[in-house]
Amino acid sequence: MSGQPAVEFTGVHKQFGDCISVQKLSFSVAAGSIHAIVGENGAGKSTSMKILFGLYPPDEGILKVHGQEVHFHSPADAMNLGIGMVHQHFMLAEPLSALDNILLFQKNTKAFQGLRRREHRARLQKLAAEYQFDINWDVPVHRLSVGTQQRIEILKILSQDSKIIILDEPTAVLTPQEIDDLFKNLRKLKAEGRTIIIITHKLKEVMAVADAVTVLRAGTATANKKISETSVEDLAEHMVGRKIKNLSLSSRTQFANQNFVMKMTDVNLADKHGTLAHLNLQVRTGEIVGIAGVEGNGQDQLIYALLDPHHIKIKGQIKIKDQSTVKLTAAQVRALGLAAFPEDRLRFGVVSGRPLYENFILGYHNSTEYARLGFFNFQNIFAKTKAAMEKFDVRPRDIYTQIDRLSGGNQQKLVVARELQNNPDFILAAKPTRGVDIGAIEFIHEQLLDARNRGAGILLVSSELEELMTLSDRILVLFKGQIVAEFLRGNHYNEIEIGAAMGGRA
Amino acid sequence: MKRTFAGFALGLVIALSLTSLAGENPFHIAGILYNSAFGSRYDLGLTLFYTTPLIFCGLSVALAFHSGLFNIGGEGQLTMATLTAAAIGVFLPNVPFPLAPLLALAGALAMAGFWGFVAGWLRAVRGSHEVIVTIMLNFIAAGLASWFTLRVIPNPNSQNPETALVGAGYFLKDYDLVAKFFPDTPVSAALVIAIFVAICVWVLLWKTTFGYELRVVGANPDAANRAGISEKKIRIWAMGLAGALAGFVALGEVMGSAGQFKVGFSADYGFIGIAVALLAQNNPIGVIFAAFLMGALHKGASDLDLETTTITRDFSKIIQSLIILGVASHGLWVWKTRTKGKKRQS
């Protein structure tokens with residue numbers, strides 16, 4: 001096996017309709033290494049890995065595994081050759097227990113064959129112990145934390161004794177501590193001689209854990225490097241194809257003002273998914289307040305309390321621009337001049353299958369600019385959409401295109417353009433750069449800073465610590481529905497301290 | 001659109017080929033269908049008579065569908081509407097002409113709208129699925145209509161289950177150019193109104209803020225809520241309007257031709273309306289043409305009984321089903337390409 005690459009792509013090409021997803025892709029992954037695949041959205045990361053996992057056959061090119069040319073017809077073929085994949089969205093049957101989920105995955109079980117649960121359990125428990133995975137085997141997996149769910153996914157693969165493990169964006173949902181644990185395990189797996197391929201867009205993590213990296217842009221490899229020969233800046237440049245500006249934070253004014261655009265006083269609420277307890281939170285004009293926290297610690301409840309208070313029972317006071325909002329409907333809150341970037345763009349932000357101009361007016365469609373007496377003024381709508389797409393560099397610049405045809409970054413730019421069209425005084429930016437490529441992230445961050453400098457108050461809810469530290473004037477840490485720590489921008493934030501607070505160890 | 005009609009043609013061809021299993025010549029059957037549907041002015045008139053309610057029912061299904069709801073209740077809605085129009089005409093026989101049909105139509109639309117509203121309200125407020133509710137409302141409407149027809153306003157001069165005739169002022173006949181062009185057929189000006197209503201629905205859906213909100217709710221209710229659009233309100237309105245659209249059937253039936261409500265007058269218009277909307281891909285203008293095709297099929301099949309020994313008019317149901325399958329296979333095609341497109345991302 002030595003010297004033989006574990007995986008080798010040679011001139012691989014894959015096209016969907018007119019859209020070339022992967023072209024002339026060549027790279028190899030050394031056996032027994034951790035190899036990172038980085039690239040922006042749509043660069044072909046996932047597609048190339050899905051080719052390797054047998055989900056898509058390549059149109060052209062040669063794929064070799066351990067030196068053997070392979071032609072997979074389905075993931076089953078790939079699994080038989082010892083390739084396992086942890087998908088970004090876990091493939092778990094949520095109401096089933098961890099044990100059942102893994103048993104579901106065992107190959108060579110025939111229909112009506114007896115399932116030796118006890119034997120399997122003993123075997124899996126031993127395996128889990130080897131990697132110090134602490135798993136509750138009998139609880140429905142949707143009650144377990146995402147970190148644990150991920151460990152179950154990894155165990156699934158280990159139970160097959162896969163030699164090549166593909167992880168698609170494994171750190172997206174983890175706390176800094178969990179990420180550390182994951183990396184420890186990856187290194188351990190490497191030490192056992194397994195080959196690990198991780199797809200990610202977080203370059204710092206690449207530097208921290210990988211041995212080698214392949215950068216993809218527009219479906220082809222723009223760089224194949226050893227980690228020792230590269231840097232974050234270098235990788236970013238290869239990903240985007242140009243230099244990336246570093247947002248300067250030095251020009252910040254101290255916030256002496258006491259003009260609050262949003263004020264929450266002792267807010268309590270509870271819904272099916274989480275709670276907020278005794279929340280006090282203010283956003284001043286010209287200030288970006290970051291909300292840090294692991295997902296599921298009350299962020300969604302905070303967002304709902306602000307955007308659609310009418311539907312939830314809220315104890316306490318919420319004021320937006322001195323107007324109490326706890327009883328208002330979503331439409332009434334919006335009328336106060338609140339703009340919101342939705343935390344989940346596809347679910348809350350855009351209407352798929354519809355053209356860009358219809359998406360651009362969503363939520364603003366009743367304004368006198370766009371409609372009179374209930375009839376649309378399409379001339380205005382088209383003109384405004386065009387102008388905004390120009391200003392925000394949304395591509396392709398065709399207002400009649402369906403929103404689905406746009407990359408995540410361009411979709412988000414359109415959403416940002418929409419929400420900023422009336423120069424709002426208060427912006428709720430929930431995960432504003434989720435699933436967005438680096439170029440667009442930079443742009444969206446600039447827009448947020450511009451809005452702040454113009455005097456808007458911004459509440460930034462994000463799971464990306466880096467983003468919070470770049471943009472926020474203050475960072476508040478939300479843990480189990482409470483604010484457990486506040487960090488003011490000095491010269492820089494201490495990532496470790498914030499991370500600890502996120503994990504409840506303030 | 002092209003592929004929809006390809007699906008239509010495919011379904012038709014397969015259905016006709018089936019007739020050869022019964023020893024018939026498919027071309028001969030096709031000829032019968034064609035002649036029966038379009039062979040003479042009289043035949044065409046009847047085809048258009050069937051087309052009219054199908055346009056209204058197709059629009060009803062299409063509108064509801066744009067808001068993400070499936071209106072299977074067209075049958076009940078049109079039954080209630082027609083009964084109401086007939087009842088108004090029977091109870092107030094002396095209202096003069098221009099007012100009388102307007103009054104009956106208003107009553108019909110209000111009743112059908114209410115019938116749709118009930119389903120919409122239950123869906124929006126109580127979460128009861130509109131498919132179940134509208135099906136149940138169909139049965140309730142049928143039961144109510146039978147009772148009302150036989151016990152309250154039966155036709156004294158007939159053994160058939162039908163209401164008494166409405167007052168003379170309710171008939172469009174003397175002013176009805178469509179009816180005059182197709183003498184001896186029941187087709188009426190309701191056809192022209194159906195086309196006009198279809199255009200109105202198109203304008204409503206694509207040119208107004210209400211239509212926009214309705215489509216957004218249908219496409220992505222979560223995004224609609226975030227944008228301050230009330231999903232509940234829109235859904236209730238959509239079902240109410242859908243009911244009213246189906247209620248327009250009363251116009252052609254009571255004011256245009258029969259002048260009464262007959263139990264079982266509807267040849268499943270409410271259900272064929274679903275096929276019409278499907279065929280038209282919920283486009284209101286497309287509904288006009290799809291309704292015409294379905295109307296032609298319905299009329300065409302009526303002569304199969306007479307002209308052949310082995311194929312009966314029920315065969316049109318087979319043709320309809322195969323056409324729906326043919327068109328639905330188009331949907332499958334779209335779905336396949338879409339999911340492919342989705343996998344492409346990232």
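**View 1. Met85(A) stands opposite Ile166(A) in strand S7 of chain A.** The model shown here is predicted: local features need pLDDT of at least 70, side-chain atom pairs count only at pLDDT 80 or more, and totals for chains, interfaces and linings use all residues. Residues are numbered from 1 along each chain as its sequence is written, and chains are lettered from A and ligands numbered from 1 in the order in which they are written. Helices (H or I, at least four residues) and strands (E, at least two) are DSSP runs, numbered from the N terminus. Two strands pair if DSSP finds at least two bridges between them. Strand S6 (residues 83–86) of chain A is joined to S7(A) by 4 bridges, and the two run parallel. S7(A) is also joined to strand S8 (residues 195–200) of chain A, by 5 bridges and again in parallel; here Leu167(A) stands opposite Ile198(A).

**View 2. The two faces of strand S7 (residues 164–168) of chain A.** A residue is buried if 20 or more other C-beta atoms lie within 10 Å of its own, exposed if 12 or fewer, and partly exposed in between, with C-beta atoms placed from the backbone. On that count 5 of the 5 residues of S7(A) are buried. In a regular strand the side chains alternate between the two faces of the sheet. Ile164(A), Ile166(A) and Asp168(A) point one way, while Ile165(A) and Leu167(A) point the other way.

**View 3. An open sheet of 4 strands in chain A, with the order S12-S11-S14-S15.** Pairing in this sheet is antiparallel. Strand S12 (274–284) and strand S15 (323–324) of chain A each have a single partner strand, so one side of each is left without a neighbour in the sheet. Strand S11 (residues 260–271) and strand S14 (residues 315–320) of chain A are joined by 5 bridges. Asn268(A) has Lys315(A) in S14(A) as its bridge partner. Helix H9 (residues 299–307) of chain A packs on the sheet and touches S11, S12 and S14 of chain A; its direction makes about 60 degrees with that of S12(A). Contact between two residues requires that their C-beta atoms, placed from the backbone, lie within 7 Å. Axes are lines fitted to C-alpha atoms, for helices over the stretch in contact, and angles run from 0 to 180 degrees between N-to-C directions.

**View 4. An open sheet of 6 strands in chain A, with the order S16-S19-S20-S13-S21-S22.** Pairing here is mixed. At the edges stand strand S16 (338–341) and strand S22 (482–488) of chain A, each with a single partner strand, so one side of each is left without a neighbour in the sheet. Direction ignored, neighbouring strands of this sheet are turned by 20 degrees against each other on average. Strand S19 (residues 426–430) and strand S20 (residues 457–461) of chain A run parallel and are joined by 5 bridges. Ala429(A) stands opposite Leu460(A) in S20(A). Helix H17 (residues 495–502) of chain A packs on the sheet, touching strand S13 (287–292), strand S21 (474–479) and S22 of chain A; its direction makes about 30 degrees with that of S21(A).

**View 5. Helix H14 (residues 408–419) of chain A and its surroundings.** The expected span of a helix is 1.5 Å times one less than its number of residues. For the 12 residues of H14(A) this gives 16 Å, and the end C-alpha atoms are 16 Å apart, which agrees. In H14(A), 12 of the 12 residues are buried, so the helix is largely enclosed by the rest of the structure. The buried residues of H14(A) pack against several elements of chain A, among them helix H13 (378–391), S19 and helix H15 (438–454).

**View 6. The contact between chain A and chain B takes 30 residues from chain A and 19 residues from chain B.** Elements of chain A that each supply at least two residues of the side touching chain B include strand S2 (19–30), helix H1 (45–52) and helix H10 (330–335). In H1(A), 8 of the 8 residues are buried. Gly54(A), which follows H1(A), has a positive phi near 85 degrees.

**View 7. Leu204(B) in helix H8 (residues 190–207) of chain B.** Leu204(B) is buried, with 20 other C-beta atoms within 10 Å. Leaving aside neighbours within four places in sequence, Leu204(B) is in contact with Phe210(B) and Gly211(B).
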